[in-house]
Amino acid sequence: MVDLNDIWLFVHVVRAGSFAAAGRRLAMPSNTISRRLQALEVELGVRLLQRSTRQLNMTAAGREFFERCAPGLEDIEHASTSLTDSSGEPSGSLRVAAPVDFFDNFSIEWMHEFMRLYPKVQLEFVLNDGRADLIAEGIDLAFRGGVLPDSSLVARKLVDSYRGLVVSPRYLEHFGSPHTLADLVNHACLAASQAPQHTTWKLEGPQGPESVRVNPRLCINTAQGQLRAARAGLGIALLPTMLVAAEDLRNGTLVHILPDYQSDVMGLYAVYAHRRQLPTAVSALIEFFADKLVRGIADKGEQVCQEHFAREEDAKRDKAGGAEDVSELQKLEGVEKAVI
């Protein structure tokens, strides 16, 4: 008969990624865990794991077995935690996957605030631009941007952001400003390093969708890197508006060009494996980020609007002042004519 404790060990090994890592988490010798899993494979009559000196991978049967067993064990663990902590306060360890430049785009101070609000939650961030295998790598939650492919994972959109064209005034002084989308062909543009020699930018304009094929002079594989390059005057960048700091636009480090053009909407998603009952710690982290992002964009939008209206008022006052000067000049001219 299959020992449920061995199934529990198998799930923890998959989450940890190796026998040694699972042993450290469970305070068990790794050779004991390996021996128990070999016994489980014999009992089931299938190989669950492919072992090598460098890595540990699930077989097709192992993945199916994990996907069937892990949710049930997680429900049991969650029920046990709920009983021992009647307050329902989020607790436990979370493994979170995110892009390499995640904390360049979002304040690390947010984590200080989250950990103060939820002192019983432990966070481990795995920063990698690759698409993490949530099940194989034991990831509880992943933050991903762009358009998500169809999958068996659950994805919650946290915020929408468009991409717009930004450039440094220093660049415009030397090379001039493009007046049409087609003019970008003759300008230095910034793109991702995985892009081919020619990159096609697709944007929505006054006449509907348009595209332009640019030849990037400099390629950087992160949005934050492209933002810094744009600030340095190295070219024109097509970047998510939520990543371009309002301070850049206010102090003139960057300016928007061709403002009537923007790319299709891009989303930031919280992604997790399908679970019947999501752990409270995961839910708390998702809600925390959703609130921070929505508030941040709302605050930025309000600030930009206020600055826009302030500029309009200044322009009106300047125009009114100019009109008064003209009126006084006309009066003086009339007086001179009368004297003559």
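Below are my entries, in the order in which I looked things up.

**Entry 1: getting my bearings**

I note at the start that this is a predicted model. I looked up the secondary structure and found ten helices and 14 strands in the protein. Next I asked how much of the protein is tucked away: 38% of its 340 residues count as buried. I also checked the contacts between residues at least 6 apart in sequence, and 74% of these join residues at least 24 apart.

**Entry 2: salt bridges**

How many salt bridges does a search of the whole structure find? I ran through the whole structure and the search gives seven. As a reminder to myself, side chains of opposite charge can pair when their charged atoms come close.

I began with Arg 36 and Asp 6, whose side chains form a salt bridge at 2.5 Å, N to O. This pair links distant parts of the chain, with Arg 36 in helix α3 (residues 30-44) and Asp 6 in helix α1 (residues 4-16), 30 residues apart. Are the two partners buried or exposed? I found Arg 36 partly exposed, at 28% relative accessibility. Asp 6 has a relative accessibility of 8% and therefore counts as buried, the limit being under 20%.

My next pair was Lys 120 and Glu 89, joined by a salt bridge of 3.7 Å, N to O. Here too the pair links distant parts of the chain, 31 residues apart: Lys 120 sits in the loop between α6 (109-117) and β4 (121-127), and Glu 89 in the loop between α4 (60-84) and β3 (92-98). Lys 120 counts as partly exposed, with 44% relative accessibility. Glu 89 is partly exposed as well, at 25%.

Then I turned to Asp 248 and Arg 231, which meet in a salt bridge of 2.9 Å, N to O. Asp 248 belongs to helix α9 (residues 246-251) and Arg 231 to helix α8 (residues 223-231), so the pair ties together parts 17 residues apart in sequence. I found Asp 248 buried, with a relative accessible area of 6%, and Arg 231 partly exposed, at 28%.

**Entry 3: back to α1 and α3**

The first pair made me curious about the helices that carry it. Two packed helices are described by the angle between their axes and the distance between the axes. For α1 and α3, the axes come within 9 Å and cross at roughly 115°. I noted the crossing as left-handed.

Which residues meet here? On the α1 side I listed Asn 5, Asp 6, Ile 7, Leu 9, Phe 10 and Val 13, and on the α3 side Ile 33, Arg 36, Leu 37 and Leu 40. Sorted by kind, the residues of this contact are seven nonpolar, one polar and two charged.

I then zoomed in on Asp 6, which lies in helix α1. Leaving out residues up to four places away in sequence, Asp 6 touches Arg 36, Leu 37 and Leu 40.

Next I looked at a sheet. Strands of a sheet pair through backbone hydrogen bonds, either parallel or antiparallel. This one is open, with five strands in the order β11-β8-β12-β7-β13 and mixed pairing. β11 (218-219) and β13 stand at the edges with a single partner strand each, so one side of each has no neighbour in the sheet.

I went through some of the pairings.

- β7 (residues 163-167) and β12 (residues 236-240) run antiparallel and are joined by four bridges; Gly 164 has Leu 239 as its bridge partner in β12.
- β7 and β13 (residues 255-256) are also antiparallel, with two bridges; Val 166 stands opposite His 256 in β13.
- β8 (residues 189-191) pairs with β12 in the parallel sense over two bridges; Leu 190 stands opposite Ala 237 in β12.

A helix joins the picture here: α8 packs on the sheet and touches β8, β11 and β12, its direction making about 140° with that of β12.

How covered is β7? I found it mostly covered, since four of its five residues are buried.

Note on methods:
Residues are numbered from 1 along each chain as its sequence is written. This is a predicted model: local features need pLDDT of at least 70, side-chain atom pairs count only at pLDDT 80 or more; totals for chains, interfaces and linings use all residues. Side-chain values use heavy atoms; hydrogens and water are left out. A salt bridge is a side-chain nitrogen of Lys or Arg within 4 Å of a carboxyl oxygen of Asp or Glu. Buried means under 20% relative accessible area, exposed over 50%, partly exposed in between (1.4 Å probe, protein chains only). Axes are lines fitted to C-alpha atoms, for helices over the stretch in contact, and angles run from 0 to 180 degrees between N-to-C directions. A crossing is left-handed if the near helix is turned anticlockwise from the far one by less than a right angle, and right-handed if clockwise. Contact means heavy atoms within 4.5 Å. Ala, Val, Leu, Ile, Met, Phe, Trp, Tyr, Cys and Pro count as nonpolar, Asp, Glu, Lys and Arg as charged, and the others, Gly among them, as polar. Two strands pair if DSSP finds at least two bridges between them.
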